[in-house]
Amino acid sequence: MKKVKPICFAILCSTGLVLMCTSCNNNSEKESAEKAVALSDSTRIDSLSSDKKQLIDFKFSTAVINLPSPFEVVNDLYFYKAPFNNELLNKSDNSEKYLVNFKKEVNFGILGIDLAYINFYNQNQQTVEYFNAVQGLAKELNIENVFNQFADRYKTNSDNHDSLVSIVDNIFNETDAYLKKNDRYLVASNIMAGAIIEVNYLSLNLIKSMPRTAENEKLFEKVYNENGGIYHLISLYEEFTDKDSKALLLSMKEYKKGYDGLITSTSDLTPEKIEKAIVLISKLRGSLVKL
């Protein structure tokens, strides 16, 4: 497990630099304080006793088993000819600006869904940018070895749509397996949270202008069921006690309360209610992608 050592003390002790450039040092202190929050998994979780680990693993696995794969939903969006909207994506260069591990982890999930979305729609110009962004986050999160198992295959299959989608799906499946094997449950959970929230955000935005027909009814059902992931995430995040997890838990509860007041079945996925749901999911997602 990668450990990030706090560096605030070392910077504060650099008295000469403090005296020479107060303004510059203020910026450095702010950046250092943010980096210091990027603690190891074991520090961010109060307890990883055997019972705690088993409960987290159970809730994590329950979420995975009971939900359609986010990549499956993206596939359905493509299959039922939902439009491609570049403006919905998190910008790939944002990946270099996230300083704390929590933001890196959730945006590994968010940008991973964006990468899959781009691949499905054959947006080749952006494919390299988003692949490099996700790969960069993998390196910073100490999961680069898992990611790089597929990097060469991805690059050599750049013109094969089906292969690229399969490779991206495999990257995330193997990353999830690796993190669970190494008891990095919080990292795995944050990645999953980012992916589930992003696919909900994309789905709601993309189906709002689609005429609903008997042929695409399954897509609306998938979108409705995928939102159930928020319920499972809430249950899972109740086991985490670090600051970022608590904040995300509160945001998800607020979203779920508003969403449940709007949509209780697939028949409620009308353009008017979808528009209101988009406002809710945009607020939740916005708290994760903003710098």
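**Helix H6 and its surroundings**

Mentor: In this predicted model, the axes of helix H6 (residues 70-79) and helix H11 (residues 185-207) come within 10 Å and cross at roughly 15°.

Trainee: Why are H6 and H11 called roughly parallel to each other?

Mentor: Angles under 35 degrees count as roughly parallel, and the axes cross at roughly 15°. H6 and H11 are therefore roughly parallel to each other. As for handedness, H6 passes H11 in a left-handed crossing.

Trainee: Which residues of H6 meet H11?

Mentor: Pro-70, Val-73, Val-74 and Leu-77 are the H6 side, and they meet Ala-195, Val-199, Ser-203, Leu-206 and Ile-207 in H11. By class, the residues of this contact are eight nonpolar, one polar and no charged.

Trainee: Which residues in H6 are buried?

Mentor: Pro-70, Phe-71, Val-73, Val-74, Asp-76 and Leu-77 are. Just after H6, Lys-81 has a positive phi of about 60°.

Trainee: Let's go on to the loop. What makes Asn-90 count as buried?

Mentor: Asn-90 lies in the loop between H6 and helix H7 (101-120). Buried means under 20% relative accessible area, and Asn-90 has 4% relative accessibility, so Asn-90 counts as buried.

Trainee: How do you know that the side chains of Asn-90 and Asn-107 make a polar contact?

Mentor: A polar contact needs a pair of N or O atoms within 3.5 Å, one able to donate a hydrogen and the other to accept it. For the side chains of Asn-90 and Asn-107, the polar contact is at 3.0 Å. Leaving aside residues up to four places away in sequence, Asn-90 also touches others, including Tyr-98, Asp-114, Glu-198 and Arg-285.

Definitions and conventions
Residues are numbered from 1 along each chain as its sequence is written. This is a predicted model: local features need pLDDT of at least 70, side-chain atom pairs count only at pLDDT 80 or more; totals for chains, interfaces and linings use all residues. Side-chain values use heavy atoms; hydrogens and water are left out. Axes are lines fitted to C-alpha atoms, for helices over the stretch in contact, and angles run from 0 to 180 degrees between N-to-C directions. Helices (H or I, at least four residues) and strands (E, at least two) are DSSP runs, numbered from the N terminus. Angles under 35 degrees count as roughly parallel, over 145 as roughly antiparallel, 65 to 115 as roughly perpendicular and the rest as oblique. A crossing is left-handed if the near helix is turned anticlockwise from the far one by less than a right angle, and right-handed if clockwise. Contact means heavy atoms within 4.5 Å. Ala, Val, Leu, Ile, Met, Phe, Trp, Tyr, Cys and Pro count as nonpolar, Asp, Glu, Lys and Arg as charged, and the others, Gly among them, as polar. Buried means under 20% relative accessible area, exposed over 50%, partly exposed in between (1.4 Å probe, protein chains only).
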